[in-house]
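Subject: Structure handover

Hello,

Here is the structure for your files. Please open it beside this message, as my notes follow below.

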Amino acid sequence: MLNKQQIRHCLDTFEEMFPEAECELTHSNPFELLVAVVLSAQATDALVNKVTPQLFEKYKKPEDYIAVPLEELQDDIKRIGLYRNKAKNIKKLSQTLVEKFNGEVPPTKKELESLAGVGRKTANVVASVAFDEPAIAVDTHVERVSKRLALCRWKDSVLEVEKTLMRKIPVEEWSVTHHRMIFFGRYHCKAQRPNCEECPLLFLCREGQKRMKKKEKS
């Protein structure tokens, strides 16, 4: 596990590499962001961004999703994985927004998690991006980077990773660090072919050092 000084170096490096990191899901308001994040589960942001322009042109508010037949909504998002279940959840969460929240997306994580298809990660993203609430959403990139760099333990669950990062990173840096770690994992420390050769954090990364030794031997 890294010490405080090493963690600070990682955070500063993430900032140097990806100073403009932000949510890459296309949206223009909290409701569009909520729908986009629900659609992004087990799907890439790039794929979701190909579907949402037409979707958001057709559906402007929760009532629009409630009114449309389920089969039609499924057809509108069928390019995205798990589209049947996601269509059901979007209709359900839209119904809840109208019935309990006057058609508005609630700002707190607890309220967001009461919506269909919205788990802890989705709630963290929406609360952070749409309402500036400090949060660290642990997706596959954040989890991978955290474990490779020993910011947490290999055996940690997603929730344990989140709690560890919240404990070790200053609260005012939670949200921006979440985005920078996603970019670091998405564009540099990739799942299959991490760019260890050119990584400024290689000297801290046992995983990367092991990979480099294997390459040298082969």
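Which side chain meets Glu 207 in a salt bridge? The side chain of Arg 211 does, at 3.3 Å, N to O. A salt bridge here is a side-chain nitrogen of Lys or Arg within 4 Å of a carboxyl oxygen of Asp or Glu. Both residues lie in helix H12, 4 residues apart, about one turn of the helix. Helices (H or I, at least four residues) are DSSP runs, numbered from the N terminus. Arg 211 counts as partly exposed because its relative accessibility is 27%. For relative accessible area, buried means under 20%, exposed over 50% and partly exposed in between (1.4 Å probe, protein chains only).

A word on the source. The model is predicted: local features need pLDDT of at least 70, side-chain atom pairs count only at pLDDT 80 or more, and totals for chains, interfaces and linings use all residues. Residues are numbered from 1 along each chain as its sequence is written, and side-chain values use heavy atoms, with hydrogens and water left out.

More on charge pairs

Side chains of opposite charge can pair when their charged atoms come close. The structure holds 16 salt bridges. In one of them, Lys 215 pairs with Glu 197, and the closest N and O atoms are 2.3 Å apart. This pair links distant parts of the chain. Lys 215 is in helix H12 (residues 206–217), while Glu 197 is in the loop between H11 and H12, 18 residues apart. Lys 215 is partly exposed, at 49% relative accessible area. Glu 197 is partly exposed too, at 44%.

Asp 75 and Lys 78 also form a salt bridge, at 3.0 Å, N to O. Asp 75 is partly exposed at 45% relative accessibility. Lys 78 is partly exposed at 49%.

Helix packing

Two packed helices are described by the angle between their axes and the distance between the axes. How do H9 and H11 pack? Helix H9 (residues 140–148) and helix H11 (residues 174–187) meet at an angle of about 80 degrees, with their axes 8 Å apart. They are therefore roughly perpendicular to each other; that term covers 65 to 115 degrees. Axes are lines fitted to C-alpha atoms over the stretch in contact, and angles run from 0 to 180 degrees between N-to-C directions. The contact (heavy atoms within 4.5 Å) includes His 141 and Val 145 of H9, and Met 181 and Phe 184 of H11. By class, it has 5 nonpolar, 4 polar and 2 charged residues. Ala, Val, Leu, Ile, Met, Phe, Trp, Tyr, Cys and Pro count as nonpolar, Asp, Glu, Lys and Arg as charged, and the others, Gly among them, as polar.

The cores

A nonpolar core is a set of buried Ala, Val, Leu, Ile, Met, Phe, Trp, Tyr and Cys residues joined through side-chain atoms within 4.5 Å. The largest has 35 residues, and Leu 34, Leu 55 and Tyr 65 touch the most other members. Helices H2 (30–39), H3 (45–58), H6 and H8 (120–131) each supply at least two residues of this core. H2 gives the most, with 8 residues. Apart from this core lies another, of 27 residues, among them Phe 18, Ile 136, Phe 184 and Cys 205.

One last residue

Asn 89 lies in helix H6 (residues 83–101). Is Asn 89 buried or exposed? Asn 89 is buried, because its relative accessible area is 15%. Leaving aside neighbours within four places in sequence, Asn 89 is in contact with Ala 116 and Gly 117.

Best wishes

Note on methods:
Parallel < 35°, antiparallel > 145°, perpendicular 65-115°, else oblique.
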